[in-house]
Every structure is written in structure tokens, then in C-alpha cells.
Amino acid sequence: MTDRPGTPCELAGTPWVIQRPDAPREVWQATGTLNPLTGRADNRYVVTLREVPAPTADGTSPWGGLSGAAVFSGGLLTGVVAADLAGFGHAGLGVVPAYVLHHDPAFRAALAEYGAVPGGGEPLGPVEWQCLADTNGARPATEVLTSPAVLLRARRAVVPFRGRGDLLSRMRAWCDTPGFGVWLVHGPAGQGKTRLAHQLATGLDQGVPRWATLWLRADASAADLALLASAAVPTLVIVDYAETRPGQLTSLLRLLARTDGAVRIKLILLARTSEDWWDDLRGDTFEAEDLLDGASVTALTPLEPESGDREAAYREAANGFAAELRGVQRWQHYPWPALAASLSVPALDGIGLASALTLHMTVLADLLDAATKMSPGGPDADGYADMAVLNGAGTVEDRLLVHERRYWKAAATARHLHPQLSMGTLVDALAAAFLYGADDGREADALLARVPNLSDQPLDRRGAVRAWIRALYPPDDARVWDGLHPDRLAERFLGRHLHRQPRLSEVLLPGSGPAQIRRLLTILSRAALQPDLCHRLGPDLTALCTAHRDLLAVPAVEVVIRTENPEPLVEALRRVSDDPATSGTLLEDLVDRLPPHSHNLAGVAAQLLLRLVQHHRDHADGRDRPVSYARALDRASYRLGALRRYEEGLEASREAVAIWRELCARGAPPALGDRAHLAESVNGLSLRMAALGQQEESLAAIQEAVEIRAELAAERPDLYRNDLAKSLNNLSLRLGGVGRTAPALDAMREAVAIRRELVAVEPELHWFALSVNLTNLSTRLVAAACHEEALVASEEAVEIRRRLADRVPDATLPALAFSLNNLAVRRGRMDRREEALAAIVEAVAIRRRLTAARPAVHEPHLATCLSNLSTRLSALGRYEEAVSAITEAVTIRRRLAADQPGIYVPVLAKALRKQAGHLATLGRHAEATAAEAEAAALGKRDGPHSEV
């Protein structure tokens with residue numbers, strides 16, 4: 001799959017030259033190398049041998065009889081020997097490549113006859129990238145399988161693929177586009193993400209041109225990832241559980257950014273969620289921003305939405321499992337085809353059965369239950385799963401776990417572990433293995449030594465338990481053991497087990513490594529999603545993290561942004577923050593790990609910063625307050641401002657500025673860094689004052705920030721011109737707020753000019769800031785009656801923000817909505833009414849989406865957009881709709897004014913007056929009069945204000 005020469009290979013056969021009369025046939029093992037470019041035009045490989053025999057006396061090839069010998073490279077079948085190539089002195093053998101063989105339907109049928117998955121099975125694996133390949137769950141069934149649950153693994157493709165034809169067509173067309181591309185597919189466990197990717201890869205592997213497929217293993221190092229840069233054929237890289245692998249993805253994107261795009265490389269990310277981790281990844285590096293620009297994102301919907309389709313899917317799955325169950329240990333001798341035909345299709349109208357995995361698990365459980373009824377004397381399965389099923393309260397996962405536990409017990413008995421060890425102890429060991437995992441034998445031994453009732457066992461007995469787990473779930477790589485799959489089955493087992501043994505995860509915790517802890521938190525948060533267990537598992541997880549905060553709190557910050565169930569971890573962080581016993585060191589560590597933006601952590605981030613500020617305040621030594629204290633105050637002020645807690649943010653800003661002034665006063669002259677921090681802090685102080693309507697004080701503060709930053713930019717333009725543009729932007733806003741139109745416009749033009757220069761050098765770093773300046777320039781131009789120029793600036797800002805919102809919606813959708821609102825106003829002023837309405841309708845839609853997620857932050861802006869919508873509708877004579885929009889805005893602002901009257905009473909009065917006007921236009925005079933009266937009662941306090 002690459003052009004890198006010298007790939008080692010080996011082969012073995014029975015050439016005539018070494019055979020002796022009347023003696024057993026002798027085997028010759030040869031070694032050599034493959035150079036991928038050699039023979040490519042003829043679709044063949046050439047093996048250059050290291051050992052070359054002497055020519056034969058009769059001139060025939062000494063390699064006669066070697067035809068058909070298998071050529072292996074790194075354990076993979078690479079091809080079969082076909083010829084001794086003339087002209088190479090018997091040192092070059094022609095080889096038919098495995099991809100040529102695999103393209104032949106007869107060859108694939110022969111593979112299926114001997115245990116491979118029908119239809120060709122897993123796509124061919126790249127020889128050069130074996131160290132990168134995750135082969136778990138993809139192994140052809142050439143051996144007797146140990147557990148029926150293995151058949152549920154998506155990459156085994158036991159059940160024929162159904163549906164999603166339109167999505168597959170779009171993804172195949174995407175693969176045909178040149179260069180690099182990324183497609184994120186997300187959805188709950190069992191929705192079909194992995195199977196979809198497998199189906200796409202299988203189709204590409206059997207098509208033209210030939211594609212390489214790599215399922216990237218989670219522990220592939222950055223050094224090994226560098227091998228991907230040498231791809232010489234179109235390559236599909238699939239990353240499962242992408243939300244748990246941000247570091248690896250960052251390294252991969254950094255590497256691929258350095259390729260020239262001549263070879264198509266497509267990256268598919270499979271994840272359960274697309275929230276915080278995805279936004280963080282896109283904003284992590286310049287390479288990520290660039291490569292993820294325009295990435296496709298698909299949320300997988302249920303595969304079988306109609307119950308009528310499910311009956312056909314049920315029958316198809318039953319036949320698929322029946323064909324494979326004969327290869328599962330202890331289940332080989334049942335009449336599976338007859339059992340499948342005899343199954344009565346159960347009621348399939350439940351909501352959960354729209355999931356392909358739920359349907360498949362139901363079919364498999366029905367088959368296993370039917371087979372078990374044929375052997376009533378079979379091994380019993382002690383434990384809670386049987387009781388749940390017998391009582392009719394169990395899930396389909398519980399039914400499958402009954403059979404899995406029988407498998408565990410039979411294997412433990414065969415290895416003489418049971419009854420010497422109770423099944424309770426052995427199941428605890430399995431729970432430990434699934435919950436914590438182990439990267440090597442040392443970690444595995446240490447983990448099992450912490451399992452209750454195993455800790456006092458001799459080392460060889462624990463070693464036997466370790467071997468039992470490995471035999472139950474053998475890995476396809478160097479790991480100690482694999483886990484129970486699919487994930488939903490493992491999560492159900494662990495959820496039920498921990499419901500019965502709530503202290504087990506805590507008992508196993510001491511001595512765990514960082515990777516084990518992240519795995520623990522991830523799995524526990526997922527297990528706590530189960531409806532019948534969440535009331536217990538969620539609070540238990542919160543309590544565990546709180547009790548062991550020094551070990552678990554920092555990893556919890558990392559896991560929160562990657563799990564679909566962050567609430568238990570967020571609650572734990574909230575409790576840790578509130579607890580006076582939490583150390584300052586831990587608070588610092590937690591604050592340092594906070595991502596710049598996160599829906600999940602928005603509230604607790606501000607809480608942690610305020611708690612850290614209080615810690616510094618309590619430990620400050622008179623006037624000698626540390627830099628870390630000032631930085632904590634600045635960060636707290638920013639987070640509080642984002643949450644619209646302006647008064648608290650202002651208090652933090654004032655204190656931070658005072659500390660930075662003290663630090664600058666100590667230097668003679670003050671250090672460059674201290675002056676820069678003072679300017680940043682004063683800039684933030686100005687923003688907090690402006691948000692609270694303190695216009696004159698805010699103007700004085702921003703003027704000071706501009707003066708400091710102008711001096712810094714003159715000394716170090718490479719470091720401080722961007723900061724100067726930031727403060728010039730804010731100075732313009734403050735000047736405009738007090739009616740000083742001309743200097744406000746001058747300041748904004750200067751800010752735009754600086755930002756354009758910066759965009760020319762580092763566009764990805766400064767595009768958003770330029771859009772901010774253009775939006776505000778448009779406002780300043782309107783104030784100066786330059787309406788045509790204002791519209792041009794507003795349109796450019798929207799264009800930039802729309803492009804950015806496609807890449808980083810969490811961070812830039814609010815800004816896009818703001819610019820669309822302003823664009824609607826500009827177009828309305830130019831009498832472009834339909835275009836104005838289109839812009840504000842889009843803005844309202846975005847604001848509704850954002851408000852649904854975080855109403856406290858986005859609802860005020862939704863009200864502003866609704867008010868503007870009413871104006872645009874009224875301009876088109878759509879008065880009833882205009883009244884509806886402004887009435888919703890009034891409702892929101894009335895609620896906001898009750899909580900923060902100083903900010904929202906003036907805008908409520910303004911909205912009421914607009915409502916009165918629209919009502920009067922419709923002849924609803926009594927309602928109009930009531931609205932006017934309410935506005936008058938609020939007082940005429942509708943002074944200048946701005947959205948921040």
C-alpha cells in the first residue's frame with residue numbers, strides 16, 4: 001500500500017532441486033524482500049530472494065515445484081508464487097498478489113468454505129501498516145469460537161447488511177473526491193456505526209481502483225502513524241471510539257496536513273457523541289482547523305423505524321446466526337437451520353427494536369433459548385441475570401448474559417478453578433477486567449490481586465484466573481485479554497454487577513494507572529445511562545469521584561467532554577469545587593485542565609475558578625498577592641461574563657486589575673509581561689463595566705488598555721498587534737456607546753486594517769477576529785450614515801462566520817446568529833425586505849437551537865432576534881406573524897427583567913412599545929393600549945445598550 005522498498009517476506013515450499021529419490025519430500029524456507037513498485041503495471045509482486053541456488057545442469061529452474069507456495073509478510077498472506085522470472089539469475093520470483101486473488105469470486109468462495117466470512121469477509125489488511133491495525137472483532141472464524149456473543153461484533157458481518165443505501169452512496173461518492181476528507185458518524189451504542197464503516201470498506205476493497213483500509217488501533221504511537229504518510233494507493237482510515245482518542249487524532253491530523261494530497265486519504269470517525277470533544281478537536285491545532293473544515297457529520301438514526309421492516313430483518317438475522325452458531329464451542333451440535341425456521345417472530349413494535357443491535361441480540365437470544373430448551377439438563381447459570389429473566393423483568397442483554405455466564409462457569413470448571421473458587425469471586429475478576437482493563441501482564445496481575453477473595457490466593461492461582469479470562473476473551477494483539485462485546489452487553493453486565501456490588505469499583509481503584517482510571521470513568525458513565533439502573537449508578541459514580549477526588553477529579557474533566565452521559569461527573573466536580581476541604585493544588589490542576597469552551601462544563605468551570613479565587617484570597621499574604629491569584633481572577637471574570645453573571649465578573653476584574661497594577665509598580669521599569677497582563681485585565685474590566693451599562697467608566701478603562709497595548713505593539717509588533725486590534729475594537733464600541741461617532745469609526749477602521757494584515761499571514765488564527773471587527777465596523781458605518789458600506793461589511797462578516805460555523809459550531813454559531821441579525825437590519829434599511837427576512841429567519845432558528853441547550857446564556861439574544869423578526873414581517877405586511885414574534889420576545893424579556901431589572905427593564909419597555917404598534921396596525925387597540933401603559937409604567941429608561 002506504499003512505495004517503500006525492502007518489505008521483508010518469507011515463503012516455504014518443496015522445490016525439485018532439493019528433493020532426493022526415495023526420501024520424504026523436503027521443505028525449503030526462503031526469505032527475501034518485496035519492492036511494491038516492481039511489477040505494479042502487471043498486477044504482480046516480485047520477491048527478491050536472499051538465498052539463490054546454483055543453476056541446474058539441464059537449464060531448468062531450480063525453483064520448479066515451488067509454484068503455489070504462500071508468501072507471507074509480517075504474518076499476512078501477501079500472495080502466491082507463480083514463476084521464476086527470466087533474467088534475474090533465479091533471484092526473482094513472480095508472485096500473484098493477494099488482492100488479485102481476493103478479487104476472484106471463486107477464491108472468496110473457497111475462503112468462505114474454510115471459515116472466512118461469506119462474501120470476502122474483512123477487507124484486506126495493509127502489510128506495511130500492521131503495527132497500526134486494530135484487528136479485534138475482524139478475525140475470520142477459522143477457529144472454533146468460544147462464545148455466541150462474538151457473533152454480534154459488527155466487523156464479523158454475520159447478518160447481511162440492510163438499509164442505509166442513500167448514506168452509503170453519498171459516502172462512496174465522497175471517497176471518489178480527490179485529496180483528504182473527514183466524515184464523523186455518531187450515534188448511540190448499537191446504532192450501526194461500525195457495521196456501516198465495514199460495509200463501506202468492503203465495497204471499496206472489491207472495487208476499482210484498489211483501496212487500502214486501516215482500522216486504526218487505539219495505542220498506535222505518533223511515530224507509527226508516520227507510516228501513513230507514505231500511502232501510495234487510496235486509503236480509508238477508520239477510527240472507532242473517536243471521542244476517547246483526541247490525542248491520537250491530533251497527531252494523525254498534524255501528520256496528514258503535511259501530505260501533498262496527491263493520494264486520496266479518507267478518515268472516518270465513529271463516536272457515540274458529537275459534542276464537546278468534536279469542538280475541542282477542531283480547535284486544537286491549526287492543522288485540525290484546516291483539515292476538518294467542511295467535514296461531514298452524520299447522526300445515525302434507527303435502522304428499522306417501521307415494525308413491518310423488522311420482521312424481514314428478524315428472519316434474515318435468524319438465518320445468519322444459524323449458519324454461524326455451528327462454529328461456536330459447546331453449540332456445534334444443535335440443528336440451527338431447523339431452529340431458526342421454527343422461531344415464531346415475537347412482537348417487534350417496541351421503540352428499542354428500531355436499533356439494529358437490539359434486533360440482532362433478540363434473534364440470537366431466541367435461538368440460544370430454543371437450543372437450551374432441547375437440553376434441559378445443561379449447566380445452570382447462578383446469579384442475578386437468571387432471576388431477572390425468570391421474573392420477566394430482564395432485558396435482551398440479560399437473556400444473553402444467562403448464556404454467557406454458563407460459558408464462564410463451564411470454562412472455569414474445565415480449568416479446575418470452580419468450585420475451588422466461587423463463581424461470585426470469578427465474576428468479580430471478570431468485572432475488574434472489563435471495568436479497568438490492563439495494558440500488560442504486570443497491570444493485570446496487580447488488578448487481580450485487588451479483587452476481593454483473590455487477594456489472599458497464591459500467585460499461581462491468580463495466574464490461572466488471568467489465563468481463564470484470556471481464554472474466554474482472547475485478544476488479537478499483545479493485550480492481556482479482550483473484553484465482552486458488544487459494548488451494550490458489557491455495560492449491562494457491569495451495571496447489574498455493580499448494582500449488587502456497589503463498592504467493587506472503589507476496592508479495585510488503589511494502584512490503578514491513568515489509562516485504567518479514564519476507562520473506569522468512561523464505562524461507568526455509559527453504564528449509568530441504563531434506565532433501570534441510572535438512579536443508583538449515577539449517584540454512585542458521583543460519590544466515588546468525590547470521595548477519591550485527588551485521583552479521579554482531574555481525569556473526570558477529561559472524560560466529561562467525551563461521554564454521552566456527563567451529568568454524574570459534572571455533579572462530582574461541582575461537589576469537589578464546593579467542598580472547603582479541596583486543596584488549592586487540586587483546584588489549580590482542575591482549572592488548568594478546563595477546555596476553552598464546553599457546554600457540559602460551562603457552569604462548573606466558573607464555579608471552580610471562583611473557588612480557586614477564594615482559596616488565593618484566603619491565603620494571600622497582605623499586599624504580596626501572587627500572579628496566579630490575578631490570573632485566576634481574570635479567568636473567573638471571563639467565565640462569569642460568558643454566563644452573563646456580570647456583577648460577579650466585574651468584582652473579579654476590579655481585583656485582578658489592582659493586583660496587576662501592584663506587580664507593575666514593583667518593576668523599574670515594569671516587566672513587559674506584567675504590562676501585557678495589566679492591559680488584558682483592564683480590557684476585561686472595560687467589558688464587564690459595559691455589560692452593566694457603566695459606559696463612561698468602561699470608556700476610561702479601554703482607553704488605558706489601548707495606550708498600553710499601543711506601546712507594547714511598538715516594541716514587539718509580532719506579539720502585541722493582535723492585542724492592540726482587540727482593544728481598538730472595544731474602544732470603538734465604547735466611543736459609540738457615548739455618541740462619539742467619528743472617533744469610534746476611526747478606531748474600528750484601524751482595528752480592521754490590523755486584522756486584515758494578520759489574516760494575510762495566519763488566516764486560520766485571525767479569521768474570526770476579523771469577522772468581529774467587520775460586524776462592529778458595519779455598526780459604526782450605520783451611525784455615520786454610510787449605509788452601503790455598512791451592508792458590504794456586514795455581508796463579509798456573515799460569509800466568514802458561516803464558513804467558520806461549518807467547522808466549529810459550538811464556538812461560532814452564536815456569532816453567526818449575531819451577524820445574521822445585523823445583516824437583516826442592514827438589508828431592511830436598504831429596503832431589501834425579502835432578503836432581510838431570510839437573514840433574520842435563519843438567525844432565529846440558530847438562536848432557538850442554542851437556547852434549547854443553554855437558555856440562561858442565549859435566551860436574551862433570542863428575544864433580540866424575535867424583535868427584529870417582527871419588524872421584518874411587518875415591513876412585508878405579515879402583521880399577524882409580526883405580533884406573534886414580538887409577543888414571544890416580550891414574554892422572554894419580562895422574565896429576564898424580573899431577575900435583572902437594571903439590564904432588561906429598558907429593553908422590555910422597548911419591546912412592549914413595538915408590540916403596541918403591531919397590535920394597533922391590526923386594529924387590536926385595547927391590547928395595544930395595555931402594552932403602551934405597561935411600557936410607560938416601566939419608565940422611559942431605554943438608553944443605549946449593546947449585545948455582547
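This briefing describes the fold, cores, helix packing and salt bridges of one protein model.

The model is predicted: local features require a pLDDT of at least 70, side-chain atom pairs count only at pLDDT 80 or more, and totals for chains, interfaces and linings use all residues. Residues are numbered from 1 along each chain as its sequence is written, and side-chain values use heavy atoms, with hydrogens and water left out. The protein has 38 helices and 11 strands; these are DSSP runs numbered from the N terminus, helices being H or I with at least four residues and strands E with at least two. Its C-alpha trace spans about 110 × 75 × 65 Å along the principal axes.

**Overall burial and contacts**

- Of the 948 residues of the protein, 53% count as buried, where buried means under 20% relative accessible area, exposed over 50% and partly exposed in between, with a 1.4 Å probe and protein chains only.
- Among contacts (heavy atoms within 4.5 Å) with a separation of 6 or more, 70% join residues 24 or more positions apart.

**Nonpolar cores**

- A nonpolar core is a set of buried Ala, Val, Leu, Ile, Met, Phe, Trp, Tyr and Cys residues joined through side-chain atoms within 4.5 Å.
- The largest such core holds 162 residues, and the members that touch the most others are Phe321, Trp336, Trp408 and Trp468.
- Helix α14 (residues 423-436) supplies the largest share of this core, 11 residues.
- Residues up to four places away in sequence aside, Trp408 touches Met423, Val427, Leu430, Trp468, Leu472, Tyr473 and Phe493.
- A second, separate core has 44 residues, including Leu823, Val905, Val907 and Ala928.

- Helix α37 (residues 901-921) has 21 residues and should span 30 Å at 1.5 Å a residue, which agrees with the 29 Å between its end C-alpha atoms; the expected span is 1.5 Å times one less than the number of residues.
- Buried positions in α37 include Tyr904, Val905, Pro906, Val907, Leu908, Gln915 and His918.
- The buried residues of α37 pack against α35 (855-875), α36 (879-899) and α38 (925-938).
- His918, in helix α37, counts as buried at 9% relative accessibility.
- Beyond its neighbours within four places in sequence, His918 is in contact with Ser870, Thr871, Ser874, Ala882, Val883 and Ile886.

**Crossing of α19 and α21**

- The axes of helix α19 (residues 514-527) and helix α21 (residues 549-560) come within 9 Å and cross at roughly 65 degrees; axes are lines fitted to C-alpha atoms, for helices over the stretch in contact, with angles from 0 to 180 degrees between N-to-C directions.
- The crossing of α19 and α21 is right-handed, a term for the near helix being turned clockwise from the far one by less than a right angle, whereas anticlockwise is left-handed.
- On the α19 side the contact is made by Ile517, Arg518, Leu521 and Thr522, and on the α21 side by Leu551, Leu552, Pro555, Ala556, Glu558 and Val559.

**Salt bridges**

- The whole structure contains 48 salt bridges, each defined by a side-chain nitrogen of Lys or Arg within 4 Å of a carboxyl oxygen of Asp or Glu.
- Arg162 and Glu316 form one of them, at 3.4 Å from N to O.
- That pair links distant parts of the chain, 154 residues apart: Arg162 lies in the loop between α2 (105-113) and α3 (165-176), and Glu316 in helix α9 (residues 307-325).
- Arg162 is partly exposed at 24% relative accessible area, and Glu316 is partly exposed at 28%.
- Arg562 pairs with Glu558, with the closest N and O atoms 2.7 Å apart; Arg562 is buried at 16% relative accessibility, whereas Glu558 is partly exposed at 23%.
- Glu571 pairs with Arg575, with the closest N and O atoms 3.1 Å apart.
- Because Glu571 and Arg575 are four residues apart in helix α22 (residues 567-578), about one helical turn separates them.
- Glu571 is partly exposed at 26% relative accessibility, and Arg575 is partly exposed at 41%.
- A network of salt bridges links Glu243, Arg272, Asp487, Glu491, Arg526 and Glu564.

**A further position in α26**

- Leu663, in helix α26 (residues 646-666), is buried with a relative accessible area of 12%.
- Leu663 and Arg675 are 12 residues apart in sequence, and their C-alpha atoms are 8.9 Å apart in space.
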